[in-house]
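Let's take a friendly walk through this model, starting with its pocket and then moving on to a helix and some strands.

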Amino acid sequence: MRLGLLAAVVLVLTACGGHAARSPEAVARAWSAALDRNDNRGAAALFKSGAEVVQDTPLVLQGRNDAVRWNRLLPCGGFIQSVEPQGDNEVLVVFTLTERPGHTCDGPGQYAAAVFKVEHGKIVLWHQVPPPGPAI
């Protein structure tokens, strides 16, 4: 009986994923996949309230509605070309821009890059940066 109870507890914990935070790479990939599906709510759910996004100027997403609105305004989706760790909780992601449902991408085929800082499975910083040039 005791072994059966232990097995049931282990099964429940593994089925729901426990409370392990997702890696920065996994979060960045999930965000990209949500954006490519035009799932702005799903993409927004990956941002922590108070997250900072930086494109031309910094913007603080005060809550879920701000995050949904910001994701909705992005004109392009993207195919991930590379993901490079930038420390324990940051990754640099390079994308090839693509069309996304319901939007007109202003630069399909161009490269774009963003640094994702992730804490406890949530994006706390999304910073668009110039894509790295070719290695010399």
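On a 1 Å grid over the protein atoms alone, a pocket is an open set of points with protein on both sides within 12 Å along at least five of seven lines, and lining residues have an atom within 4 Å of a point. The model is predicted, so local features need pLDDT of at least 70 and side-chain atom pairs pLDDT 80 or more, while totals for chains, interfaces and linings use all residues. Residues are numbered from 1 along each chain, and side-chain values use heavy atoms, without hydrogens and water.

The largest pocket holds about 420 Å³ of space. Its lining counts 24 residues, with Gln55, Leu74, Pro75, Trp126 and Gln128 nearest the centre. Helix α2 gives the largest share of this lining, 4 residues. By type, the lining has 15 nonpolar, 6 polar and 3 charged residues.

Now to helix α4, residues 64-73, where Ala67, Val68, Trp70 and Asn71 are buried (under 20% relative accessible area; exposed is over 50%, with a 1.4 Å probe). Seen down the axis, these buried residues fall within an arc of 165°, so they line one face of α4. The face turned away from the buried side carries exposed Asn65 and Leu73. Here are the elements that the buried residues of α4 pack against (heavy atoms within 4.5 Å):

| Element | Residues |
|---|---|
| α2 | 24-36 |
| α3 | 40-44 |
| β1 | 47-54 |
| β2 | 58-61 |
| β6 | 122-129 |

Finally, β5 pairs antiparallel with β6 over 7 bridges (pairing takes at least two DSSP bridges). Ala113 stands opposite Val129 in β6.

Terms used. Helices (H or I, at least four residues) and strands (E, at least two) are DSSP runs, numbered from the N terminus. The arc is that of the directions from the helix axis to the C-beta atoms. On a 1 Å grid over the protein atoms alone, a cavity is a set of points where a 1.4 Å probe fits but cannot get out, and a pocket is an open set with protein on both sides within 12 Å along at least five of seven lines; lining residues have an atom within 4 Å of a point. Grid points are joined across faces, edges and corners, and a volume is the space filled by probe spheres set on the points. Ala, Val, Leu, Ile, Met, Phe, Trp, Tyr, Cys and Pro count as nonpolar, Asp, Glu, Lys and Arg as charged, and the others, Gly among them, as polar.
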